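Reader: I would like to go through the labels attached to this model and see what each one rests on. Please set the value against the cut-off every time.

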Amino acid sequence: MEQGDQRYDFASDNTAGICPEAWEALAAANRGAAASYGLDPWTSQLCDRVRQIFETDCEVYLVFNGTAANALTLAQVGQPFHSIVCHQYAHIQTDECGAPEFFTNGSKLLAVGGANGKIDLTEACAVVARQCDLHSHKPRVVSLTQATELGTVYDCGEVAAVVDFARARDLLVHMDGARFANALVTLDCAPKAMTWQAGVDALSFGGTKNGLAAGELVVFFRKELAAEFEYRAKQAGQLASKMRFLAAPWHALLSNDLWLHQARHANAAAARLAEQLQSRVGWSAEFPVQSSALFLRLRDPLVAGLRERGWQFYKFLEPDIYRLMCSWATTDDQIDQFVQDAVALPPR
């Protein structure tokens, strides 16, 4: 790698391109004219495919991005005086610029801790117990992230435990599944087992991290919760006029289990990167590598050395934990180049 070249291979799965199948589907949908605002055949086929995958009659909507999927879903199921329990590192808490609070028109996020990015139900119980009268926001929803922001995965028993906690308190359960596919292939279970069969009420189903250009799905497993959601999406600027250009690539991704294949590839790449860095450089992952992300504790000189060689990646947690993210497009050559550069760094 030449000095000064910028490499974004491990900065984020958002830096990867569109997968070939999605690109071809987009080109195919571009031939001729079609009905707008979701009345096209691609959108209809996509919704049917989602119902087939989850093996249930659910309501399915397309929005442009994950922030909209999360914020509008939470706004749909709650009132401004309601609150939402989530992990302190959840995307809705740390990376959505207050969108959940904005679109709910005042709901409060009740952030709790928990090891490896997972909600500690003992902490959640204490937080909810403190919201005991009309002077507090009334708890309404538990939002869990699957896979978590720290790259870990709730197993089906852990999802069920969150649901049991919620149901005992008459709360709904939302799943932020920006990397849902990565979690699913880790668990090797049916999509229904990780969602509605476990008691999840609504899902933000991500495709952008898995090879699409744009467009996330909002899936309501309890159909009554979706009443008039199309109006909410329209008001929020999330109704695509040429929706076929979001739907067609999504349908391609969900065809022939491509979405699972690509998630499996990303997970395997992260596992290989972690193993190589451990065996050849002695860098150990800070959290279990269960999906497509690897987190490392790196001193400033090591980070500077890698960036001098062009590698771009993010500090994720203070003071010194950095994230390396793999994607559907990560290659063995990219992993080898990164590891070689890490090996070449002088000990400091």
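Author: Leaving aside neighbours within four places in sequence, aspartate 40 is in contact with Ala34, Ala35, Met243 and Arg244, where contact means heavy atoms within 4.5 Å. The model is predicted, so local features need pLDDT of at least 70 and side-chain atom pairs count only at pLDDT 80 or more, while totals for chains, interfaces and linings use all residues. Residues are numbered from 1 along each chain as its sequence is written, and side-chain values use heavy atoms, with hydrogens and water left out.

Reader: Why is aspartate 40 called buried?

Author: Buried means under 20% relative accessible area, exposed means over 50%, and partly exposed lies in between (1.4 Å probe, protein chains only). Aspartate 40 has 1% relative accessibility and therefore counts as buried. Its place is in the loop between α1 (20-29) and α2; helices (H or I, at least four residues) and strands (E, at least two) are DSSP runs, numbered from the N terminus.

Reader: What makes tyrosine 37 partly exposed?

Author: Tyrosine 37 has 44% relative accessibility, so it counts as partly exposed. Tyrosine 37 is also found in the loop between α1 and α2. Its phi is near 55 degrees, a positive value in a residue other than glycine.

Reader: What makes phenylalanine 180 and phenylalanine 205 an aromatic pair, and which geometry does the pair have?

Author: Rings of Phe, Tyr and Trp (its six-membered ring) pair if their centres lie within 6.5 Å; planes under 30 degrees apart count as stacked, over 60 as edge-to-face and the rest as tilted. Phenylalanine 180 and phenylalanine 205 are 5.3 Å centre to centre with 65 degrees between the planes, hence a pair, and an edge-to-face one. Phenylalanine 180 is in helix α8 (residues 180-187) and phenylalanine 205 in strand β6 (residues 202-205), 25 residues apart. Phenylalanine 180 counts as buried because its relative accessibility is 0%, and phenylalanine 205 because its value is 1%. Both belong to a cluster linked by ring pairs, whose members include Phe54 and Trp250.

Reader: How do you know that arginine 307 sits over the ring of phenylalanine 313?

Author: A charge sits over a ring if NZ of Lys or CZ of Arg is within 6 Å of the ring centre and within 35 degrees of the ring normal. The charged end of arginine 307 is 5.2 Å from the centre of the phenylalanine 313 ring and sits over it. Lysine 118 lies over the face of tyrosine 154, at 5.9 Å from the ring centre.

Reader: Which peptide bonds are called cis?

Author: One runs from glutamine 146 to alanine 147, with omega near -5 degrees. Another joins glutamate 318 and proline 319, where omega is about 5 degrees. Most peptide bonds are trans. Alanine 147 is in the loop between β4 and α7 (156-168), and proline 319 is in the loop between β9 and β10 (321-325).
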